[in-house]
Structures are given as C-alpha cells and as structure tokens.
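Trainee: I have a model open and want to learn how to read it. Where do I begin?

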Amino acid sequence: MRCADFENRLNDLLDARQPLESDAALAGHARACRDCRELWTAYGAMLAGVLHLARPEPSAELSQRVGAALRGAGADPSPCIAWPRRAAQVGGALVAMAAAVLVWALMRPGWQQADVPADAAGQLAAHRPTASPGAEREPLDHLARTAGDEYRALAIETRRSLTSALLMVPGLALSPPDSDGGQQPSDQPSRGWVDDLSDGLAPLTRSTAVALDSLWGAVVVPHEDSRS
Amino acid sequence: MPDDVRELVARCLAGDQAAVTALVDRFQGQVFGLCYRMLGHRQDAEDMAQETLVRAIRSLARWNPERGFLPWLLTIAGNRCRTLLASRARRPSLVAEVDHLADRGAAAEPAGQLAEEVALAVAELRLEYRQAFLMFQRDELSYAEIAAALDCPVGTVKTWVHRARRQIAERLRNRDVLREVPDAVRGL
C-alpha cells in the first residue's frame with residue numbers, strides 16, 4: 001500500500017463505520033510506516049474522543065410542548081417565528097391607519113377654517129404656492145412663531161425631529177447639548193445649542209418648506225379647487 | 001425503513017394519541033440534535049424541534065413511505081433552521097457549541113482529557129465541517145440524511161467530514177496529544 005492511499009482507505013473505513021483494526025492491510029502499513037502510524041493513532045484518538053463528547057439532549061418538556069401544540073385548535077406551532085410576523089402585521093396596520101387619518105385630516109371639508117385660528121389662516125394662505133414663481137414666501141421658522149397652535153406644534157415637532165436625526169449624523173459640525181459645559185461668556189448674548197442647530201439646519205428647513213408646499217399643492221389645492 | 005415506524009405512522013394517521021407520543025419520543029432527540037448543530041442555541045433549537053415535529057405530524061399524510069421517515073423529518077428541521085438563520089442573520093455561536101461539547105465531568109481522566117482536546121479541535125472547524133462531522137461521527141446520521149438536512153449534495157458532505165477528520169488529526173498531532181493516547185486506542 002502506498003502512503004498516498006492510506007488516508008483515503010482510512011476514511012473509507014470510517015465512512016463504513018468499521019473499526020480501524022478491521023483492515024489488516026491498513027494496520028500492517030501503519031506498523032511499517034511512521035507517518036502513517038501517527039495518522040492512524042490520531043484518527044483512533046479522534047474516534048475515542050468523539051465517544052466522550054456530550055450529546056445535546058432536549059429538555060423533558062419538549063414532547064409535552066409538542067403535544068400541547070398539537071392539541072391546541074389552530075395553535076401556531078412556531079411561536080418564535082410567528083411573533084415577529086404578527087408584530088409586522090400589526091405595525092403595518094397601524095402605519096396604514098395613521099396614513100389614512102392624515103389623508104382624511106388633509107382632505108376634510110372646512111379643515112382650514114375649522115382647525116386653524118383666523119390669524120393663522122392668513123399666514124397659511126400666504127405660505128401656499130402661488131401662481132407667480134418668484135413670489136416671496138415666509139420662512140417656515142417665522143411661520144412657526146406666528147401661525148396657530150396646531151401648525152406651530154407641527155413645525156416645531158418637525159424641526160425637533162430633524163435636529164435629533166442630524167445629531168446622529170457622524171461628522172456633522174453641530175454642537176451637542178451642553179458640549180461647552182454650560183459656560184457662556186458673560187459679555188455675549190446667550191445662544192443655546194438649539195439656536196446653533198437651528199442655524200445649521202436653515203438649508204434643510206427651507207427644503208422642508210418646499211416639500212410641504214409641494215404636498216399642499218398636490219393634495220389640498222386641487223381638492224379645494226374642485227369644491228369651489 | 002423499519003416496519004415499526006411505518007406502523008406508528010399508520011396509527012398516528014388513524015388518530016391514536018399514544019402513537020403520536022411514541023413517535024415524538026422516538027425522534028425528538030435526533031431532531032433536536034440537528035437543530036442544535038445548526039443553530040448553536042438551546043432555546044432556539046427546542047423551538048425549531050417543536051415546530052418541526054408539529055409540522056411533520058400534521059403533514060403525516062403527505063409523507064412518502066418510500067422515503068425514510070428520519071430523512072424526511074430532518075429535511076423539515078433543516079429547512080426550518082435555515083429560515084430562522086436567515087431571519088436572524090447570524091450564525092451559530094461558537095461559544096455555545098464549545099460549552100456543550102466536552103463532558104467536563106470526565107476531564108480528569110485520560111479519556112476525558114482526550115475528549116476535551118477533540119472538543120477544542122472540533123470547535124475550531126469551519127461551521128459546515130463541524131456540523132457534518134458531528135452529525136456523522138456522533139449523532140450517527142448517514143451521509144444521505146445529513147445531505148438532506150443541510151440541503152447539499154452527498155459528495156459535499158463527505159468532503160466536509162473528511163476534511164474535518166484531517167484537521168482534527170493534525171491538531172491532535174500538533175498539540176502532542178498522541179503520546180498520551182492509551183494503547184487500546186492505538187490498536188496496533
């Protein structure tokens with residue numbers, strides 16, 4: 001037997017689940033060849049070691065759990081997979097409901113008159129897209145300060161969300177809260193981190209205003225035009 | 001396939017609850033063993049073993065008796081485990097596997113030390129090699145059963161097992177473990 005065949009024959013023996021000693025030719029070659037004897041011994045040690053490895057056993061409750069799942073009428077047999085799937089379904093339904101409520105609120109007849117105070121209605125009207133593309137619009141920040149409560153809350157919340165999101169953007173040169181240790185030079189006007197962020201967010205605020213305008217023009221204006 | 005399994009299945013299909021329990025008791029260890037090999041996590045393995053057995057028993061009418069019962073069962077288990085692995089996007093933990101490999105109570109004896117060395121060598125194998133090796137050598141599944149469970153050709157499983165043996169043997173040689181191997185193990 002050649003040494004090159006030795007390992008293949010050893011594997012054939014183990015594949016057939018036969019003891020190593022059962023092949024006389026293999027044992028004879030192992031006695032005569034030092035390298036092959038080492039391989040033989042290593043394989044023997046491996047087989048002996050494997051016998052002592054602990055076998056994973058299921059808990060005593062497994063068969064009871066299977067029985068309970070089989071008895072439960074319509075019970076889902078896959079608790080750990082079913083939960084995320086169910087959660088996704090519930091989450092999807094909630095998102096769909098929220099979207100429906102939003103669309104309903106925007107399309108509702110008399111929404112502008114009923115929900116927006118009279119002094120804010122004018123501001124909102126001024127902010128809507130106009131026929132002349134070059135017309136001046138009030139910045140969203142200004143609108144947030146002067147519009148009605150609901151619109152103000154929406155604008156503030158939007159800005160706060162954007163601020164929170166931008167704080168997580170790595171490399172963005174915005175100071176986190178209290179990064180200066182709360183110390184301000186006494187001869188300078190007090191500028192909090194929110195103001196710094198607000199300055200940093202100015203371009204984004206403008207693009208948000210443009211996006212809101214577009215939404216307004218696409219959804220609300222045609223609806224009002226059709227009503228009139 | 002043994003006739004007693006065929007008979008058990010027939011009794012299950014006839015609504016015999018005792019037969020269902022007997023079938024579960026008979027195969028739960030092998031199903032759990034496979035799930036544990038694939039997932040490396042005891043609780044996940046129990047959940048998948050439960051799901052596999054429930055699905056199999058509910059689908060007994062679709063089982064083809066020409067095909068062995070165990071390979072059919074292991075194929076279901078393998079599919080369930082792959083689905084779970086895909087959903088959680090992480091592979092079995094090596095630590096969990098190593099913790100359960102060695103029989104630590106026997107570590108003081110020479111055979112126990114050898115088992116520990118083998119356990120460490122097994123733990124260092126690539127996941128596919130480790131699964132195939134342990135399923136063949138310890139769980140005593142056939143190459144066809146392993147191939148069905150792991151969803152790969154029989155030739156691939158053989159290659160994995162052979163490579164696993166070679167790597168374990170090399171590690172044992174490099175660790176100088178072979179000098180302390182009892183004569184009974186040498187067999188020459």
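Mentor: We will take the interface, then the salt bridges, then the cavity. Keep in mind that this is a predicted model.

Trainee: Which three residues of chain A supply more of its buried area than any other three?

Mentor: Look at A:Arg17, A:Leu53 and A:Pro56. Together they supply 13% of the area that chain A buries against chain B.

Trainee: What about polar contacts between the chains, how many residue pairs are there?

Mentor: The count is 15 residue pairs, with both residues at pLDDT 80 or more.

Trainee: How many salt bridges does the rule find across the interface?

Mentor: Side chains of opposite charge can pair when their charged atoms come close. The rule finds five across the interface of chain A and chain B. Over all chains, the whole structure has 18 salt bridges. One to inspect joins A:Glu7 and B:Arg166, at 2.3 Å from N to O. This pair crosses between chains, from helix α1 of chain A to helix α9 (residues 154–174) of chain B. Another joins A:Asp15 to B:Arg165, where the closest N and O atoms are 3.0 Å apart.

Trainee: Now the cavity. Which residues line the largest cavity?

Mentor: Rolling a probe the size of a water molecule over the atoms shows where empty space is left. This structure holds one cavity of 30 Å³ or more. The largest cavity has a volume of about 40 Å³. Its lining is B:Leu23, B:Val24, B:Phe27, B:Leu53, B:Ala56, B:Ile57, B:Phe69 and B:Leu73. The elements that give two or more residues to this lining are α2 (17–39), α3 (42–58) and α4 (69–88) of chain B.

Trainee: What classes of residue make up that lining?

Mentor: Eight are nonpolar, with no polar and no charged residues.

Technical notes: Residues are numbered from 1 along each chain as its sequence is written. Chains are lettered from A and ligands numbered from 1 in the order in which they are written. This is a predicted model: local features need pLDDT of at least 70, side-chain atom pairs count only at pLDDT 80 or more; totals for chains, interfaces and linings use all residues. Side-chain values use heavy atoms; hydrogens and water are left out. On a 1 Å grid over the protein atoms alone, a cavity is a set of points where a 1.4 Å probe fits but cannot get out, and a pocket is an open set with protein on both sides within 12 Å along at least five of seven lines; lining residues have an atom within 4 Å of a point. Grid points are joined across faces, edges and corners, and a volume is the space filled by probe spheres set on the points. Helices (H or I, at least four residues) and strands (E, at least two) are DSSP runs, numbered from the N terminus. Ala, Val, Leu, Ile, Met, Phe, Trp, Tyr, Cys and Pro count as nonpolar, Asp, Glu, Lys and Arg as charged, and the others, Gly among them, as polar. Buried area is the accessible area (1.4 Å probe) that two parts lose on being put together, summed over both. A salt bridge is a side-chain nitrogen of Lys or Arg within 4 Å of a carboxyl oxygen of Asp or Glu. A polar contact is a pair of N or O atoms within 3.5 Å; within protein, one must be able to donate a hydrogen and the other to accept it, and residues adjacent in sequence count only if both atoms are side-chain atoms.
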